[in-house]
Amino acid sequence: MISLTIDGNVVEVEEGSTVLQAAQKLGIEIPTLCHHKSLLPYGACRVCLVELEYSWGTQIQASCTYPAQDGLVVNTASERVLKTRKIMVELLLARCPEVAPVKQLAEQMDIKEVRFPKKNEDCILCGQCVRVCEERMGIGAVNFVNRGREKKIAPAYDRHSPICMACGACQVVCPADCVDLSKITKRTLRPIPLAFDEGLSGRPSIYVPFAQAVPNVPVIDTNTCMYFQKGTCQACQEFCEADAIDFDQEDKVEEVEVGAIIVATGFELFDSSEIFRYGYGRLDNVINSLEFERISHASGPTGGKIFTKDGREPQAVAILHCIGSRDENYHEYCSRVCCMYSLKFAHLVKEKTEAEVYNLYIDMRAFGKGYEEFYKRVLGEGVHFIRGKCAEVTDVPETDEEKGKLIVIAEDTLLGLTRRLPVDMVILSSALIPGSDSDKLSKILGLNCSKGGFYLEKHPKLAPVDAISDGIFLAGACQGPKDIPDSVAQGAAAAAGALSLIDKGKVILEPITAEINEERCSGCQLCIANCPYAAIDYDEEKRVSVVTEELCKGCGTCVAGCPSGAAHQKNFEDEQIFSEIEGILA
């Protein structure tokens, strides 16, 4: 360890540290415009100057590049230091008068007028873009060119660089926010969309999926990470104090034995682009319900402010109900939650903007506790309700009033006429549909599905959270569209059912199960293919089918399909049925 004194305070740092790092350890703030912890020190801005004391006198040096030495005495705020820093900032302000960090430093140092020839440059020549491209990305697409007053940062020969990947690292580290990728490469910067924000905002290659993620730790996207793509960068690993990043880690598949399974795979949102006439994915400012939810949320990409794509506050908003649901061409069922979240959206638009709001609905289904009262509250806020389904959303105007607007064409069934509504934003209340991999999971767990593709419960009234197979419970929207209170209640019921089953330590079997008569079984194995519960296996040694009673539910499929009559059901024999019939007819 090295010991030095900064502003009268003794501090110990590791060998190889700089004076700037030592000062930061003491909590002493030294201004700098060219230092970045992921890059090697460069000292280009000359703002981080400090005064070093020696036996023969003092010396001014850049703290970001000067190495910490044992016994070194440093002054960060002496009269000489402050005067020299002020001159350096004044020079930067003369060169780049509109750059925010420079203006901020000038304001802190009370610099109101500059005494040097003025220019109007954007780049402060800190070199961070050059260094990150060379040191971290291993590319070197940009560099310093020319000298003196003509010095600047540009790609080779001032032409578009063929090696630039448009990764955007130079833009991220630039303190002046002046990097224009269109001058460096012909490639287009494609931000990595953040799934939690429905692609409305970007994210880095290492990120936390969302604030409440479990486990709440960062993950690395190997498809975009520079290390996995080019073998470069590794900045996250170098600066992780917990030493938690391991690039050699691989995905593992673990098998665990459990006593119960709770299926809570949720839902997906209907892809509104399938209905071409509504313009989703084709027309700007036509968004689905989850996208608006993120826009209106305080932690969303706009901080909760409702804007159109071009940054304007909408003057009129249309909310279209039942997009993809209650529709014979797509999904016939009602998604249950659309009416109420559409009312919530209308309330939020009214609360945060001065916009006119139009709700186009088929039937208003405010069925839950307090829902009808909320519906009446929204009515009282001046929201326009039009009973009728939207026919089309277009951007083709017929009048001057409609120019630059989205036009919602709909039939008002209460007034008996067709209406054209010019609006700035259209929100599609899309249907809730089963997850894309629900079929795959149903085959693995032996779950049945209802007509809409959601998992089917054992009994809609007596066993609403139990699956057909014992030990498997359903919770939430995987069983059907439902709102948050219903999902919470069903989740608690499923958890209680799973705990109850585990606590018993034993399983009660059905009294009516199938059985194979080995003497009559021909070994055709049709029963194995027909069994929906995978309860029948084939004994290779005996060359007959064998029923696993613990899995059998007594559905009788194997009995009905057995060509040799070898399969029959216990406690449900033909003799018993005939006796029951004779008793009835007697």
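Biologist: Which domains does the domain assignment of the protein chain give?
Modeller: Domain 1 (2-108), domain 2 (128-183), domain 3 (195-239), domain 4 (269-433), domain 5 (434-504) and domain 6 (514-585). Keep in mind that this is a predicted model.

Biologist: How far apart are the C-alpha centres of domain 1 and domain 6?
Modeller: They lie 86 Å apart.

Biologist: Let's look at the sheet with β1 in it. What's the strand order?
Modeller: The order is β2-β1-β5-β3-β4. It is an open sheet of five strands, and the pairing is mixed.

Biologist: Which strands stand at the edges?
Modeller: β2 and β4. Each has a single partner strand, so one side of each is left without a neighbour in the sheet.

Biologist: And how much are neighbouring strands turned against each other on average?
Modeller: By 35 degrees, direction ignored.

Biologist: What packs on that sheet?
Modeller: Helix α1 does, touching β1, β2, β3 and β5 (73-75). Its direction makes about 115 degrees with that of β2. Helix α2 lies across β3, β4 and β5. α2 runs at about 150 degrees to β3.

Biologist: Zoom in on β3 and β4. Parallel or antiparallel?
Modeller: Antiparallel, over six bridges. The two strands form a hairpin, with two residues between them. Glu-51 stands opposite Ile-60 in β4.

Biologist: What about Glu-53, which residue is its bridge partner in β4?
Modeller: Thr-58. Glu-53 also stands opposite Val-73 in β5. β3 and β5 pair in the antiparallel sense over three bridges.

Biologist: New topic, the largest nonpolar core. Which residues touch the most other members?
Modeller: Leu-4, Ile-6, Leu-33, Val-74 and Ile-124, out of 53 residues in that core.

Biologist: Which element gives the most to this core?
Modeller: α2, with five residues. Several elements each supply at least two, including β1 (2-6), β3 (49-54), α1 (19-26) and α4 (128-136).

Biologist: Where does this core lie relative to domain 1 and domain 2?
Modeller: Between them, because both domains give residues to this core.

Biologist: And what does Ile-6 touch?
Modeller: Leaving out residues up to four places away in sequence, Ile-6 touches Val-11, Val-19, Ala-22, Ala-23, Leu-26, Ile-28, Val-74 and Thr-76.

Biologist: What other core lies apart from the largest one?
Modeller: One of 30 residues. Among them are Phe-292, Ala-355, Phe-385 and Met-425.

Biologist: Now α3. Which residues there are buried?
Modeller: Pro-101, Val-102, Leu-105 and Ala-106. They cover an arc of only 135 degrees around the axis, so they sit on the same side of α3.

Biologist: What do those buried residues pack against?
Modeller: Against α2. On the other side of α3, Ala-100, Gln-104, Glu-107 and Gln-108 are exposed.

Biologist: Which residue takes a positive phi just after α3?
Modeller: Asp-110, at about 60 degrees.

Biologist: Moving on to Leu-181. Where is its place?
Modeller: In the loop between α5 (169-173) and β8 (192-193).

Biologist: Is Leu-181 buried or exposed?
Modeller: Buried. Its relative accessible area is 7%, and the cut-off for buried is under 20%.

Biologist: Which residues is Leu-181 in contact with, leaving aside neighbours within four places in sequence?
Modeller: Cys-164, Ala-166, Gly-168, Cys-170, Gln-171 and Leu-189.

Biologist: How far is the Leu-181 C-alpha atom from that of Ala-566?
Modeller: The two are separated by 76 Å. Along the chain they are 385 residues apart.

Biologist: Last one, the sheet with β14. What's the order there?
Modeller: It runs β14-β21-β15-β16-β17, an open sheet of five strands with parallel pairing. The edge strands are β14 (286-288) and β17 (384-387), and each pairs on one side only. The twist averages 20 degrees from one strand to the next.

Biologist: Which helices pack on it?
Modeller: Helix α8 (residues 289-296) packs on the sheet, touching β14 and β21 (425-430). Its direction makes about 90 degrees with that of β14. Helix α9 (residues 338-352) packs on the sheet too, touching β15 (316-323), β16, β17 and β21. The direction of α9 makes about 170 degrees with that of β16.

Biologist: And how many bridges join β16 and β17?
Modeller: Four, in the parallel sense. Tyr-361 stands opposite Arg-387 in β17.

Technical notes
Residues numbered from 1 in each chain as written. Predicted model: local features only at pLDDT ≥ 70, side-chain atom pairs only at ≥ 80, totals over all residues. Heavy atoms only, no water. Pairing = 2+ DSSP bridges. Axes fitted to C-alpha atoms, helices over the stretch in contact; angles between N-to-C directions. Contact = heavy atoms within 4.5 Å. Core = buried A, V, L, I, M, F, W, Y, C linked by side-chain atoms within 4.5 Å. Buried < 20%, exposed > 50% of the residue type's maximum accessible area, 1.4 Å probe, protein only. Domains from an automatic or database assignment. Arc of directions from axis to C-beta.
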